[in-house]
There are 2 protein chains.
Amino acid sequence: MSADHPFLYQLFLIFVCAKLGGEIFERLRLPAVLGEILAGVIVGPYGLGLVVPTGAIKDVAEVGAIFLLFTVGLEIQPKDLLSVGPTSLYVALAGIAVPFVFGFSYMLLTQHSKPEATFVAAAMVATSVGVTARILGDLDLLHTQAARIILGAAVFDDILGLILLGVVGGLVSGNGGFWVQTLITSLEAVAFALIMMFYAPRVVRRIEPRLERMSMPNAPLIIALAICLGLSFAAAQIKMAAIVGAFFAGLAFAEHSPRWNLRPRVLAINDFLAPFFFFSMGAQLDIRVFDRSLFLSAIVVFLLAFLSKLIGCGLPVLRFGLKTAARVGMGMVPRGEVGLIVALSGLQMNAISERAYALVIFMTGVTTLVAPPLLKLLFQSERQPVPVGLEERPSAM
Amino acid sequence: MSADHPFLYQLFLIFVCAKLGGEIFERLRLPAVLGEILAGVIVGPYGLGLVVPTGAIKDVAEVGAIFLLFTVGLEIQPKDLLSVGPTSLYVALAGIAVPFVFGFSYMLLTQHSKPEATFVAAAMVATSVGVTARILGDLDLLHTQAARIILGAAVFDDILGLILLGVVGGLVSGNGGFWVQTLITSLEAVAFALIMMFYAPRVVRRIEPRLERMSMPNAPLIIALAICLGLSFAAAQIKMAAIVGAFFAGLAFAEHSPRWNLRPRVLAINDFLAPFFFFSMGAQLDIRVFDRSLFLSAIVVFLLAFLSKLIGCGLPVLRFGLKTAARVGMGMVPRGEVGLIVALSGLQMNAISERAYALVIFMTGVTTLVAPPLLKLLFQSERQPVPVGLEERPSAM
C-alpha cells in the first residue's frame with residue numbers, strides 16, 4: 001500500500017492518527033498533546049509498526065517543533081514581562097532552580113553522565129501552564145490571586161526554560177571544562193534572549209514602514225517566517241537547539257503580532273505541522289525499555305519533578321498562606337512541550353540514552369495527568385460564579 | 001556551513017531566495033512565481049549550485065504543490081460554475097481543445113512519444129488568469145464584457161485542466177491501448193470531479209454539525225487538511241497526480257470555506273510551503289539543455305501556445321466583434337502553475353524528458369511575460385475611470 005508514495009502515505013496516516021489521539025484525549029478532558037504522543041507510541045515502529053517515520057517525516061517534525069516554539073514566543077510580549085510582579089518572578093526562578101537541582105543531583109547520584117543529567121534536569125524545569133489555565137478557566141477562577149501569580153510566572157518560565165536549553169545544548173558540544181562551559185554558554189544564551197526581547201523589536205519597528213510597502217502580499221508574515229527559519233538555523237549552528245532560535249524569533253515579533261495578524265496564520269501552519277512533531281516523539285519512545293529498574297527510576301523522577309515544583313513555586317508565596325502556596329505550586333506542576341522538546345533534542349544530539357528519554361516522557365505525561373484533579377481539589381473551596389477577571393493565557397499546548 | 005543541518009540550511013536559504021526572487025519580480029510588475037522559479041534556476045544545482053535540494057526538500061515541495069492546488073480548489077464554488085454563462089463555457093472548452101490538439105500534433109510530428117506529447121500538450125492547456133485579472137484590475141477594466149467572459153472561463157479552465165492531468169497521469173501508467181486507456185481514465189477523472197463538486201459538499205454539509213461539536217480547536221481546518229492529504233494520497237495511488245486529489249478536496253470544501261474561515265489559514269500554510277515548490281521547479285531546470293534545436297522547438301511551442309489560446313478563446317466570441325475576440329483570447333494566453341505542475345508531474349513519473357520539461361517552463365514563462373503588455377494595448381481604447389464592477393478573482397499565482 002505504502003510502497004509507491006511513502007511520504008504522502010505517512011503524512012496522511014500520521015496526521016490522522018495524531019489528531020484522532022488528540023481528539024480522544026480532549027474528550028476525556030486530558031491534554032491533546034498526550035493523545036498525539038500516544039498515537040505515535042501505538043502506531044509507530046515500537047508499537048504496531050504501521051508507520052516507521054522516514055527521514056523526511058523527521059525533518060517535517062523538526063519544522064513542527066520550530067513553529068511550535070515560534071508560536072510560544074509570539075505570545076510573550078516584553079511589556080508582559082515588565083508588568084509581571086516580583087512575586088511571579090520569584091515563583092518562576094525558584095520553580096526553575098529547585099527542579100533543576102533535584103533532577104541534576106538525582107541523575108548524577110544514579111551514575112549518569114553530566115550531559116545526560118543536565119538534559120534530564122533541564123527537561124524537568126519548564127511548566128506548561130496551558131493545562132492549568134484551562135482548568136482554572138473552566139472553574140472560572142482565573143481572577144484569583146493564585147491564578148494571576150501562576151500565569152505571570154509561566155511567562156518567565158518559558159523564557160528561562162528555553163535559555164536553559166540553549167545552555168545545555170551548548171554544553172554538550174563544547175570543549176573546555178564543564179563549569180567554564182556552563183558559564184560561557186549561559187552568558188551567550190542570556191545575551192541572545194535579551195537582545196531578541198528588547199533590541200530586536202526596535203529593529204522590527206524601524207523596518208516596519210518598509211515592510212508594509214513591500215510588493216509581495218503578506219510581506220510581514222513572509223519576513224517573520226524567514227527570520228524564524230534563519231534564527232533556527234543560526235541557533236543550530238552555534239550548537240543551541242534550533243527551536244531556541246525559533247522561540248527568540250517569536251519574541252522579536254510578539255509586539256507586532258496583533259497588528260500584522262501573525263498569530264492566527266502561524267497557528268494554522270502549526271495546526272498542520274505540530275502533530276508530526278508530537279507523533280514522532282511518541283514513535284521514538286521504545287516502551288520496552290521500561291524494565292523494573294527504569295520504572296522505579298521513572299517513579300522517582302516523577303516524584304522529584306512533582307515535589308520540586310510544588311515546593312519551589314510554593315515557598316516564595318508562603319507568606320500568602322499555605323493554601324495559596326499549595327495552589328500556586330500545584331498549578332506549576334504540569335510539564336509540557338518545552339520539556340519534551342528538550343528531551344528530544346538530547347536524543348538527537350546523542351546526549352541522552354533512550355532510557356533517559358523514556359524517563360522524561362513518563363515524567364511529563366504523569367505530571368500533566370496528576371496535577372489537574374489535585375488542582376481542582378485545592379481550588380474547590382474558592383469555586384463561585386464570578387465573571388472571569390483575567391484573560392486565559394493562550395497556550396500552544 | 002551546511003554540513004551539520006542540511007535540512008534547516010536549505011529550508012532557510014530556499015525560502016529567502018525564492019521570496020527575494022518573487023519580490024524583485026513583483027516590483028518589476030512581473031508574476032512573482034516566475035521570480036521564485038528563476039531563483040531556483042540561479043541558486044540551484046544547475047546554476048550556482050548553492051542549494052542541491054535533498055529528498056526531504058523535494059518532499060516538502062510536493063506538499064507545497066498539494067496546498068497550492070488545494071487553495072485553487074477552495075476558491076471554486078459549484079454555484080460559480082452554474083452561474084457562468086454559456087459564452088464563458090465555450091471559451092473555456094475551445095481554449096482547452098485547440099492548444100491541446102496543436103501541442104499534441106506538434107510533439108508527435110517531431111518524433112516524441114505519445115505520453116510525452118500528451119504531457120506537454122496538457123501543460124499548454126491551463127490558463128492562469130491571475131496575471132490577467134491583476135492587469136485588468138489595475139486598469140479598472142474588470143467590469144468590461146471581455147473581462148467577465150475571461151474570469152468566467154478561467155473557473156472552468158482550472159477544472160478541465162486538472163481533469164486532463166488526471167487523465168494524462170493515468171495514461172502513463174496504464175496498460176491497454178492508448179485510446180482505450182484515454183477513454184477509461186477520462187471517465188474516471190470526470191466522475192471524480194463531478195462527485196467532488198456536487199456530492200462531496202453535501203457530505204460536508206451533513207457532517208457539519210458534528211464537526212463543529214468536536215472537542216479539538218479548529219476541527220474544520222483539521223478535517224479539511226486530513227481530507228486533502230487523504231485524497232492526494234488516493235489520487236497518487238490510482239496513478240493520477242497527487243495534486244489532482246488536493247484540488248478536488250478543495251472543491252469539496254469550497255462552499256464551507258468562508259464560514260469556517262478556511263481560505264486565509266490554508267493560504268498561510270501555502271505562503272510557507274509554495275516557495276519550495278516553485279524553487280524546486282527552477283532547480284530542476286537544466287538550462288544547458290537549451291541548444292539550438294531545443295531553442296527553436298521552444299519558440300515554436302510558445303507560438304503554438306500563444307496562437308492556439310488566442311484563436312481558440314477568440315473564436316467563440318467573434319460574434320461580439322474582432323476587438324472583443326482579441327481581448328478575450330489575449331486574456332487567456334498567460335499560463336501558470338497548473339501547466340508547470342503538469343510538467344513537473346511528468347518529469348517525476350519519468351514520462352517526459354528534461355528537454356520537454358524545459359520546453360514547458362519556457363512556454364509558461366514567455367506567455368506570462370508577453371501577454372500583459374499586449375493586453376494593455378488591446379484594452380487601451382477602453383480605459384476610463386469607472387468603479388470596479390466585478391470583484392477580482394483571487395488566484396494562487
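**Close-ups of a two-chain model**

**View 1. Where chain A meets chain B.** Put together, chain A and chain B bury about 4,100 Å² between them, with carbon and sulfur atoms giving 74% of that area. Keep in mind that this is a predicted model. On the chain A side, the elements that bring two or more residues each to the contact with chain B are α1 (6-27), α3 (55-74), α10 (219-237) and α13 (262-283). The biggest giver is α1(A), with 11 residues. Sort the chain A residues that touch chain B and you get 27 nonpolar, 6 polar and 10 charged.

**View 2. Who touches whom across the two chains.** Here 43 residues of chain A are in contact with 43 residues of chain B. Look for salt bridges between chain A and chain B and you'll count 0, while residue pairs in polar contact number 2.

**View 3. A salt bridge in chain A.** Over all chains, the structure holds 16 salt bridges. One joins the side chains of Asp286(A) and Arg288(A), 3.2 Å from N to O. Asp286(A) is buried, at 12% relative accessible area, whereas Arg288(A) is exposed, at 62%.

**View 4. Arg263(B) and Glu75(B).** This salt bridge has its closest N and O atoms 2.9 Å apart. Because Arg263(B) sits in helix α13 of chain B and Glu75(B) in the loop between α3 and α4, the pair ties together parts 188 residues apart in sequence. Arg263(B) is partly exposed, at 25%, and Glu75(B) is buried, at 14%.

**View 5. Arg355(B) and Asp291(B).** Their side chains meet in a salt bridge, 3.1 Å from N to O. Arg355(B) belongs to helix α17 and Asp291(B) to the loop between α13 and α14 of chain B, 64 residues apart. Arg355(B) is partly exposed, at 31%, and Asp291(B) is partly exposed, at 35%.

Definitions and conventions: Residues are numbered from 1 along each chain as its sequence is written. Chains are lettered from A and ligands numbered from 1 in the order in which they are written. This is a predicted model: local features need pLDDT of at least 70, side-chain atom pairs count only at pLDDT 80 or more; totals for chains, interfaces and linings use all residues. Side-chain values use heavy atoms; hydrogens and water are left out. Contact means heavy atoms within 4.5 Å. Buried area is the accessible area (1.4 Å probe) that two parts lose on being put together, summed over both. A salt bridge is a side-chain nitrogen of Lys or Arg within 4 Å of a carboxyl oxygen of Asp or Glu. A polar contact is a pair of N or O atoms within 3.5 Å; within protein, one must be able to donate a hydrogen and the other to accept it, and residues adjacent in sequence count only if both atoms are side-chain atoms. Helices (H or I, at least four residues) and strands (E, at least two) are DSSP runs, numbered from the N terminus. Ala, Val, Leu, Ile, Met, Phe, Trp, Tyr, Cys and Pro count as nonpolar, Asp, Glu, Lys and Arg as charged, and the others, Gly among them, as polar. Buried means under 20% relative accessible area, exposed over 50%, partly exposed in between (1.4 Å probe, protein chains only).
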